[in-house]
Amino acid sequence: MKNIFKFIMLFVMMSLISVFALFIAEMTDVMQLKSQKLSVTFAEEGNDVLMSWSPLPYPCTYTIETVSKTTGEIPDSPPYHHFLTETSDSANYILPRSPIPTYCLISATGFFGEIFKSEKPIANPNFPEPAYPILIYRYPEDKPASLMPFLVWHTVPNAVAYEVEFLDAPPEIEGGISPSKLHRLESFDKVFTNGYQADLRKYKNKKFIYYRVRALGLHKEPIGEFCRAEKIYLDETVEQPNCPLINNFDFMYFEPLPIYPVYDWIPMHGADKYEVELLDHPPEVENDVEPSKDSLWRQTTKDSASCYDEYGRPWAGAYYWRVRALDKNNKPIGTWSDSEKFVVPDHSNGVNTAIFGDSISHGGGALSYSPRALEYSYATYIDFPVVNLSRSGDTSHTTVERFKDDVLPFKPKNLIISTGANSLRDPRISADNITDDLLAINKLCLQNDIRPIFLTLMPINPANIQFAFRTPSDPKWKDKMKKVNDFIKRQPYYIDIEPYFYDSAGLMSSQLSVDGIHPGLYGKMLIGELINKNKNLFR
């Protein structure tokens, strides 16, 4: 017994000495851990990027913060938007998928606290400067493409479309903005997603061809440069894709989705329309040809790459959706796509803050990005939790009409209200009509102990709206906007975002909104930062 007691005492003493030694090592930084410099490398890991770094010579847990830069337009705003914090016991980390430039801050925690923090944020390599698309799908010689392969790449921020150029040899000069004069076989400049299904059947006798991609703006002007030409090996015996490809390549999952979902995919060659199916369980059979008998909802759309759900989905739980292509006679082309899952959180106990409005609040921008692209939602840049109850296409009046169904179940303490942009450009709707609707929303809020916090309306750019949507705007929009904003500024709680969005001509800045009405990335960041600046309005 004495020997056992001595052994236990010795073990305890050695443990205390070890702990004390670790404490001294961390408190005095005798190993100079705080001055270490990480050697960071990046490698492709399937469709993702693996970041690795030199491990510290000390037992620790790594914390990785994912952030993006703020606009710098709002005084006293922090330098970064914080998106995600995760930990890793090893010296590597799969970067969260992101369609905007993000950065990682790495810190290390020992037994008694933080022992290391990287000096500078580490840039996501998917966003080079000058900008060019980074390819995701590749077809090397040992994994050749079919004659109708999907080509997919990472999005370029604010790109409206992409041009894909096919070549019979590498271009004369890699990169740049000029098409190849000697080696171009053909090109397509109406690709409105970050991928498409190419028809390469005319090249079936070639072992390989090359392709490259560049991003385009509203007027087909280049945004950045062509990517480096990629060799595609072809094999006509490889089975061709026969269903749309779910587009989940660059979508952020840092925030809850809006309660009005939008479903996005990479289009199929030759499809006339698409059918989307929503379920509350996985399909009984993936990639089958028949509709599910117990689907919650099905919708056919002529839109080639997305479908807006007509109903809000506020009920907590997991949902599954899939899409199939149809021809001009409404006959299916191939099979249903893979199913995609999304989860609606449980808000039955109420929420502190919700957003309520039209497409500006619902999200989306640069013409080609739906509200599922959370980088185009100002909710993403608000530094406190919010639930997005907005719906694209709303006028101020239709926003009022759905208040009871879409707002009251969430029991918000605060409601950010941004509606009236569609009414502003409609000559049939007067400023008094809009203010009456805002009064009605205000009254409903007060009746239900909700604090209404209004955002002022932003200017529009009728010429850009006409070019983007082929629709005219009310010539009196400026007078209407002034009357509505004067009304909003008489309310107890409002945030004035209007002054930040003008160009030198007194219109919505083209730098902040490609289409003249919906702010793009920078504009959505700006709105989020202005809301953060006015946190004192929220209870």
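Helices (H or I, at least four residues) and strands (E, at least two) are DSSP runs, numbered from the N terminus. The structure is a predicted model, in which local features need pLDDT of at least 70, side-chain atom pairs count only at pLDDT 80 or more, and totals for chains, interfaces and linings use all residues. Residues are numbered from 1 along each chain as its sequence is written, and side-chain values use heavy atoms, with hydrogens and water left out.

**Figure 1. The protein comprises nine helices and 28 strands.** With a radius of gyration of 27 Å, close to the 24 Å given by the globule rule for 539 residues, the protein is as compact as a globular protein of that length. This radius is taken over C-alpha atoms, and the rule is 2.2 Å times the number of residues to the power 0.38. Along the principal axes, the C-alpha atoms fill a box of roughly 95 × 70 × 55 Å. Of the 539 residues, 52% are buried; buried denotes under 20% relative accessible area, exposed over 50%, and partly exposed the range in between (1.4 Å probe, protein chains only). Among contacts (heavy atoms within 4.5 Å) between residues at least 6 apart in sequence, 73% join residues at least 24 apart. Carbon and sulfur atoms account for 54% of the accessible surface, which totals about 25,500 Å² (Shrake-Rupley method, 1.4 Å probe; for residues, only the protein chains shown count as cover).

**Figure 2. The largest pocket has a volume of about 960 Å³.** Its lining consists of 44 residues, and those closest to the centre of the pocket are Gly365, Leu367, Ser368, Tyr369 and Ser370. Two or more lining residues come from each of strand E10 (161-167), strand E11 (184-191), strand E17 (262-266), strand E20 (306-308) and helix H7 (462-469). Helix H7 gives the most, with three residues. By class, the lining divides into 17 nonpolar, 17 polar and 10 charged residues. Ala, Val, Leu, Ile, Met, Phe, Trp, Tyr, Cys and Pro count as nonpolar, Asp, Glu, Lys and Arg as charged, and the others, Gly among them, as polar. On a 1 Å grid over the protein atoms alone, a pocket is an open set of points with protein on both sides within 12 Å along at least five of seven lines, a cavity is a set where a 1.4 Å probe fits but cannot get out, and lining residues have an atom within 4 Å of a point. Points are joined across faces, edges and corners, and a volume is the space filled by probe spheres set on them.

**Figure 3. Leu367 and Arg470 both carry a positive phi.** Leu367, one of the residues closest to the centre of the largest pocket, has a phi of about 65° although it is not a glycine. Leu367 is placed in the loop between helix H2 (359-362) and strand E25, and is partly exposed at a relative accessible area of 35%. For Arg470, phi is near 60°. Arg470 lies in the loop that links H7 to helix H8 (477-488), and its relative accessibility of 58% makes this residue exposed.

Figure 4. In total, the structure holds seven cavities of 30 Å³ or more.

Figure 5. Among the 13 residues that line it, Pro96, Arg97, Ser98, Asn126 and His154 lie nearest the centre. Five nonpolar, five polar and three charged residues form the lining.

**Figure 6. A cis peptide bond joins Glu129 and Pro130.** The omega angle of this bond is about -5°. Pro130 belongs to the loop between strand E8 (122-123) and strand E9 (150-152).

**Figure 7. Thr102 is buried, at 5% relative accessibility.** This residue sits in the loop between strand E5 (92-94) and strand E6 (103-109). Beyond its neighbours within four places in sequence, Thr102 is in contact with Thr66, Val67, Phe83, Ile122, Ala123 and Asn124.

**Figure 8. Lys404 is exposed, with a relative accessible area of 57%.** Lys404 forms part of helix H4 (residues 403-406). Apart from residues up to four places away in sequence, Lys404 touches Pro409 and Leu444. Although 40 residues separate Lys404 from Leu444 in sequence, their C-alpha atoms are 8.4 Å apart in space.
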